Amino acid sequence: MSDKNLACRAGVDIGGTFTDVALEHQGRLYTAKVLTDYEKPERAIVQGLKLAIEQAGIAPEAIQSIVHGTTLATNALIERRGAKTAFITSDGFRDVIEMRNEGRFEQYDLTIQLPAPLIPRCDRFPLKGRLDASGRELVPLDMEGLDRIIEAIRDGGFTSVAVGLMHSYRNGDHERLVRDRLRRALPDVSVSISCEVSPQIREFERFNTVCANAYVKPLMSSYLNRLAQALAAEGMACPLYMIHSGGGLMSLASAAEFPVRLLESGPAGGAIYASHVAAKYGLDRVLSFDMGGTTAKICLIEDLHPKTARTFEVARTYRFKKGSGMPISIPVIEMVEIGAGGGSIAHVDDLKQVRVGPESAGSEPGPACYGRGGERPTVTDADLVLAKLDAKRFAGGSITLDEQASRRALQTHVADPLQSVNVQAAYAVAEMVDENMSNAARMHAVESGRDLSEYTMIAYGGAAPLHAVRLCEKLGMERLLVPPGAGVGSAIGFLRAPFGYESLRSAVMRLSQFDAGIVNGMIDEMNDEVASFLRETGHGEDAIRELRAYMRYAGQGWEIPVDAPTGVLNDASLEVLRANFVRAYTQLFGHEVAGLDIEVVSWALSLRTETEMPARIEPSTGDRAGSREQYPPIDRRDVFDAKSGDFHDCAIYDRASLPRAVRLDGPLIVTEKETSTYVSPDYSLILQQDDSLLIQRQQKEGV
């Protein structure tokens, strides 16, 4: 066992409902799950860490490092709870973040409502001065005009400023001049500039990203400082790292400066966790399924690596339809995220249809069954009424659920409007949320040209193991893995993440007119940038270097990622790049386009530390069948099965006492501290040697 595995490290994930903690000490894992504290999130972190420390029997000072991921920045954008922010932009481009682009996320809706810009028009300040597309100065900055803007910012009481000027992705000198003058005049005001936050082409996405960074920067800086102080006060004065949306670890200082990089930090940890499990079992095609209290996240993992992207959206306003949110152009693990979690609220719409989410009860007040003041029905309430949850064993017995409260909520808000009965209402809610999630997975796979029947699902998160088998039934998937600690999967994933960072630059250049000097100089700048981020964490000496080019045929409107040679670019490496593009394009679209020139739009350079590959496990197929008489369950009860539409006599097992390498046929439920796993009558369960649950479709005779 390596020294890293013997180190005492903790991963902490703040979700919309629960705060999850995973503590690794001397090769053993200790976990805790507590309700998220919206007023002071750091209190829930300290509480969860104390519970894990108590289980491990160690002192707080024994923790050597803590890795943290959070949805606080995302929630601040969605709920518009950020700082009072001003936006300085090039004269004539004041309305870019309002005009967006020509895309329509709902083609035939004549009353389409676009999301409101993050910063209102009255708080956007145009500044004269202009660069051309190659970064050459056409018009000098109007310094007198800038001074007038600074006075307006001072008088307006702004606490944060975003600066986004045209073509600053090629030359950031104008933006740096603005920042320096702002800092001298207003030293207490936070400043974000787009040439550092997101130096990429396409001004709408770049401007929106720097505005988002500035909007959440004071909030996140304050929170991270409070968290560091709270941990130190409890004796945990160890290094604190943040996981960013691209799946790497960064320092606290970098996170405070670029909080927009944290927007998808929690889901990124989950994808890394699923990749680690896939590596153990040698699975090349995996669909990761993460369902917590507020959202569900689905990600394709191929050849042990999650899919990545340069942009994503937050705060979608039109039934989570692509294009209806705020675009953020940063490196991110690509996944589809929908408002479907245990706390998602159900209602009946005007057409008498059951709808679930995206609104969530969160942890305050929480589902009706929590007894914390919630009166509207949620997915958790439906699962309780369908007997998939045990009222006395929920969250390891730390929360006693009120089944009567769930029944009242479902009756009032679902059953009565439909003139139905309670169980049918719960069935409708559970089936609707499962259909929403399976549709999202199906669409994500189709957009990527993948057939999910060839994939293995890996389920984690507090609610996912309870719903995963039903998704497999809907998606035609044969196999499902529920790894140990699945209820706090993202927090465990934080402990498997490398230290790493990715830098992006844009410079549109045709291969027929390729200027290796300009590109090599830009790559050197990117290398210095990522190396400095890694040095802040004390790592990077032996980092793995990867270079990608985003390329297209000349005249096309979007580009694809292509692996690029990592050395100094020359004529030979240019031919390799051309061949790599043709191969990638043909793989995606089935053919190349002869006779067209090829161009590079952007470059991405990443450095990351090498992570230790887990030992391979040969899965047990469970040739030996076990009966309830041989392996008595801890309990039995009637549980509703969605496929058959009826209750079945269901065996209840405790995960810690399951027999290994023995096939147990469903229906059954496996309980543990942070989650429960439901196995339907058509599937079987085999406990693996690493305590993962392998669930696969039963092979019926004659089929």
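In this predicted model, the face of α5 turned away from its buried side carries the exposed residues Glu144, Arg148 and Asp155. On the buried side are Gly145, Leu146, Ile149, Ile150 and Ile153, and seen down the axis of α5 these buried residues fall within an arc of 145°, so they line one face of the helix.

**Helix α5 and its ends**
- The 14 residues of α5 (residues 143-156) should span 20 Å at 1.5 Å a residue, and the end C-alpha atoms are 20 Å apart, which agrees.
- The buried residues of α5 pack against β5 (85-90), β6 (124-127), β9 (160-164) and α6 (173-185).
- At the start of α5, a side-chain oxygen of Asp142 comes to within 3.4 Å of the backbone nitrogen of Glu144, while the residue following the helix is Gly157, with a positive phi near 75°.

**Aromatic pairs**
- Across the whole structure, a search finds 14 aromatic pairs; in one of them, the rings of Phe125 and Phe158 have centres 6.2 Å apart and planes at 85°, so the pair is edge-to-face.
- This pair links distant parts of the chain, with Phe125 in strand β6 and Phe158 in the loop between α5 and β9, 33 residues apart.
- Phe125 is buried, at a relative accessible area of 15%, and Phe158 is buried as well, at 8%.

**Clusters and charges over rings**
- Tyr553, Phe581, Tyr585 and Phe589 form one aromatic cluster.
- Arg310 lies over the face of Tyr550, at 4.1 Å from the ring centre, and Lys388 lies over the face of Tyr678, at 4.9 Å from the ring centre.

How values were computed:
Residues are numbered from 1 along each chain as its sequence is written. This is a predicted model: local features need pLDDT of at least 70, side-chain atom pairs count only at pLDDT 80 or more; totals for chains, interfaces and linings use all residues. Side-chain values use heavy atoms; hydrogens and water are left out. Helices (H or I, at least four residues) and strands (E, at least two) are DSSP runs, numbered from the N terminus. The expected span of a helix is 1.5 Å times one less than its number of residues. Buried means under 20% relative accessible area, exposed over 50%, partly exposed in between (1.4 Å probe, protein chains only). The arc is that of the directions from the helix axis to the C-beta atoms. Contact means heavy atoms within 4.5 Å. A polar contact is a pair of N or O atoms within 3.5 Å; within protein, one must be able to donate a hydrogen and the other to accept it, and residues adjacent in sequence count only if both atoms are side-chain atoms. Rings of Phe, Tyr and Trp (its six-membered ring) pair if their centres lie within 6.5 Å; planes under 30 degrees apart count as stacked, over 60 as edge-to-face and the rest as tilted. A charge sits over a ring if NZ of Lys or CZ of Arg is within 6 Å of the ring centre and within 35 degrees of the ring normal.
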